[in-house]
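Please keep the sequence and the structure in view while reading.

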Amino acid sequence: MASLNVGNLGEYLREQRRAAQLSLRQLADATGVSNPYLSQIERGLRKPSADVLQQVAKALRISAETLYVRAGILDEREREELETRAVILADPSINERQKNVLLQIYDSFRRENGFAPGPDADADVNAGAEADAGASADAGAGSDAGGDAGTRDGDDAGAGTTKDQDPHS
């Protein structure tokens, strides 16, 4: 079987698996992916799908986006943008509404600097909005750390409007 151009991915996965002190069989059990298939990925004989990479990343506790770049699914710039989003979403010290506001501000800055919002920007914003339905009504006056986000002039991100503002003015 001819080697695909995924040797870099396979070598990286092997290193990460060994660093996690997992056997190939243990990784297969943790991911639900067969042992022979994982072996072929590590040897550069198979190019895994994004779903398989996601499962492997989760089991190894590493960034799925890094695996996507190594597999040629994402380019480096997309990976960096996705990792920024992932860090914001994973931060346990801020609540869902605050995460949503940060992502909206981040997307606003990206647009201002000539970059399109990330591929999952709408999903992140919608997920945060659903988790905090009604929370935006009191996002300003006297609330927590992200509360004054609505006072920015000229920012059309829509984040953090306060209930004291008249929507018709």
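A residue is called buried when its relative accessible area is under 20%, exposed when it is over 50%, and partly exposed in between, with a 1.4 Å probe and protein chains only. The model is predicted: local features need pLDDT of at least 70, side-chain atom pairs count only at pLDDT 80 or more, and totals for chains, interfaces and linings use all residues. Residues are numbered from 1 along each chain as its sequence is written, and side-chain values use heavy atoms, with hydrogens and water left out.

**Overall build**

The protein has eight helices and zero strands. Helices (H or I, at least four residues) and strands (E, at least two) are DSSP runs, numbered from the N terminus. Along the sequence the pattern reads α-α-α-α-α-α-α-α.

The protein has 169 residues, and 38% of them count as buried. Its accessible surface comes to about 10,100 Å², and carbon and sulfur atoms account for 48% of that. Accessible areas come from the Shrake-Rupley method with a 1.4 Å probe; for residues, only the protein chains shown count as cover.

A contact means heavy atoms within 4.5 Å. Among contacts between residues at least 6 apart in sequence, 52% join residues at least 24 apart.

**Helix H7**

Helix H7 covers residues 96-112. The expected span of a helix is 1.5 Å times one less than its number of residues. For the 17 residues of H7 this gives 24 Å, and the end C-alpha atoms are 24 Å apart, which agrees. Is H7 mostly covered or mostly exposed? H7 is mostly covered, since 12 of its 17 residues are buried. Among these buried residues are Val101, Leu103, Ile105 and Tyr106, and also Arg97, Lys99, Asp107 and Arg110.

**Two loop residues with positive phi**

Gln21 is not a glycine, yet it has a positive phi of about 55 degrees. Gln21 sits in the loop between H1 and helix H2 (24-31). Arg61 also has a positive phi of about 55 degrees and is not a glycine either. Its place is the loop between H4 and helix H5 (64-70). Gln21 counts as exposed because its relative accessible area is 69%. Arg61 counts as exposed because its relative accessibility is 78%.

| Residue | Relative accessible area | Class |
|---|---|---|
| Gln21 | 69% | exposed |
| Arg61 | 78% | exposed |
| Asn35 | 23% | partly exposed |
| Leu13 | 5% | buried |
| Pro48 | 3% | buried |

Asn35 lies in helix H3. Leaving aside residues up to four places away in sequence, Asn35 touches Leu24, Arg25 and Ala28.

Pro48 is in the loop between H3 and H4. Why does Pro48 count as buried? Pro48 counts as buried because its relative accessible area is 3%. With residues up to four places away in sequence not counted, Pro48 touches Leu9, Tyr37, Ile41, Leu53 and Ile73. Pro48 and Gly10 are 38 residues apart in sequence, and their C-alpha atoms are 10.0 Å apart in space.

Rolling a probe the size of a water molecule over the atoms shows where empty space is left. On a 1 Å grid over the protein atoms alone, a cavity is a set of points where a 1.4 Å probe fits but cannot get out, and lining residues have an atom within 4 Å of a point. Grid points are joined across faces, edges and corners, and a volume is the space filled by probe spheres set on the points.

How many cavities of 30 Å³ or more are there? The count comes to one. The largest cavity holds about 30 Å³ of space. Its lining consists of Leu13, Leu27, Leu38, Ile41, Glu42, Val56 and Leu60. Helix H3 (35-42) and helix H4 (50-60) each supply at least two lining residues, and H3 gives the most, with three. By class, the lining has six nonpolar, no polar and one charged residues. Here Ala, Val, Leu, Ile, Met, Phe, Trp, Tyr, Cys and Pro count as nonpolar, Asp, Glu, Lys and Arg as charged, and the others, Gly among them, as polar.

Leu13, one of the lining residues, belongs to helix H1 (residues 7-19). Apart from residues up to four places away in sequence, Leu13 touches Ile41, Glu42, Val56, Leu60 and Leu67. Leu13 and Arg43 are 30 residues apart along the chain, and their C-alpha atoms are separated by 9.7 Å.

Key
1 Å grid on protein atoms, 1.4 Å probe; cavity = no way out; pocket = protein on both sides within 12 Å on 5 of 7 lines; lining within 4 Å.
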